[in-house]
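I opened the model to look up its fold, its sheet, its aromatic rings and its pockets. My entries follow in the order of the searches.

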Amino acid sequence: MGTWVWLRENEQHLPSLVSSCGGGLINFTTSCGQVFIYKVNTLTREKVVTMHPTSVEGVEDMATLAELHEGAIMHNLHIRFKQDNIYVSSKRHTGVEIQ
């Protein structure tokens, strides 16, 4: 329990926490508080996948996300927003300084 996963629901990757497991059932709670309950024997790797640590913790540079899909990008933006770490940088890393 307490493991972050991507739960595939309605063609979306939902960041979810395994909130309980017992009696052949697993409860997932999304980062938005929505609860999904599944029978263990119905889950597949297409339905639920363990979340990579970069998605759990968030990253400053989204190019470094190990999982690059809409759910991971939106979740990373949400984490950065909660940390008051939203910014836009127009500086390019080209080695040329613009004056």
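What share of the residues of the chain count as buried? I get 30% of the 99 residues, with buried meaning under 20% relative accessible area, exposed over 50% and partly exposed in between (1.4 Å probe, protein chains only).

Before going on I note the ground rules. The model is predicted, so I take local features at pLDDT of at least 70 and side-chain atom pairs at pLDDT 80 or more, while totals for chains, interfaces and linings use all residues. Residues are numbered from 1 along each chain as its sequence is written, and side-chain values use heavy atoms, with hydrogens and water left out.

**Entry: secondary structure**

I find two helices and five strands. Along the sequence they follow the pattern β-β-β-β-β-α-α. Helices (H or I, at least four residues) and strands (E, at least two) are DSSP runs, numbered from the N terminus.

**Entry: sheet**

In what order do the five strands stand in the sheet? I read β4-β3-β2-β1-β5, an open sheet with antiparallel pairing; two strands pair if DSSP finds at least two bridges between them. β4 and β5 (48-50) are at the edges with a single partner strand each, so one side of each has no neighbour in the sheet. The twist from one strand to the next averages 40 degrees. For such angles, axes are lines fitted to C-alpha atoms, for helices over the stretch in contact, and the angle runs from 0 to 180 degrees between N-to-C directions.

I then went through two of the pairings. Strand β2 (residues 12-22) and β3 are antiparallel over six bridges. Leu17 has Thr29 of β3 as its bridge partner, and Ser16 stands opposite Thr30 in β3. Two residues lie between the strands of this hairpin, where Gly23 takes a positive phi near 65 degrees.

β3 and β4 also run antiparallel, joined by five bridges. Here Ile26 has Tyr38 of β4 as its bridge partner. The hairpin of β3 and β4 has four residues between the strands, and Gly33 takes a positive phi near 95 degrees.

**Entry: aromatic pair**

I searched the whole structure for aromatic pairs and found one. The ring centres of Phe28 and Tyr38 are 6.1 Å apart and the planes are at 65 degrees, so I log the pair as edge-to-face. The rule is that rings of Phe, Tyr and Trp (its six-membered ring) pair if their centres lie within 6.5 Å; planes under 30 degrees apart count as stacked, over 60 as edge-to-face and the rest as tilted. Phe28 is in strand β3 (residues 25-30) and Tyr38 in strand β4 (residues 35-39), ten residues apart. Both Phe28 and Tyr38 are buried.

I also checked Val18, which lies in strand β2. Val18 is buried at a relative accessible area of 14%. Val18 and Phe28 are ten residues apart in sequence, and I get 4.7 Å from C-alpha to C-alpha.

Which residues are the closest to the centre of the largest pocket? I list Gln12, His13, Leu14, Pro15 and Gly71, out of 16 lining residues. The volume of the largest pocket is about 320 Å³. The grid is 1 Å over the protein atoms alone; a pocket is an open set of points with protein on both sides within 12 Å along at least five of seven lines, where a 1.4 Å probe fits, and lining residues have an atom within 4 Å of a point. Grid points are joined across faces, edges and corners, and the volume is the space filled by probe spheres set on the points.

β2 and α2 (70-82) each supply at least two lining residues. α2 gives the largest share, five residues. By class I log four nonpolar, nine polar and three charged residues. Ala, Val, Leu, Ile, Met, Phe, Trp, Tyr, Cys and Pro count as nonpolar, Asp, Glu, Lys and Arg as charged, and the others, Gly among them, as polar.

**Entry: single residues**

Is Asn76 buried or exposed? Asn76, in helix α2, is buried at 1% relative accessibility. The C-alpha atoms of Asn76 and Val59 are separated by 6.8 Å, at 17 residues along the chain.

I looked up positive phi outside glycine as well. Asn10 has a phi of about 55 degrees and lies in the loop between β1 (4-9) and β2. Asn10 is exposed at 67% relative accessibility. Asp84 has a positive phi near 55 degrees and lies in the segment after α2. At 72% relative accessibility, Asp84 is exposed.
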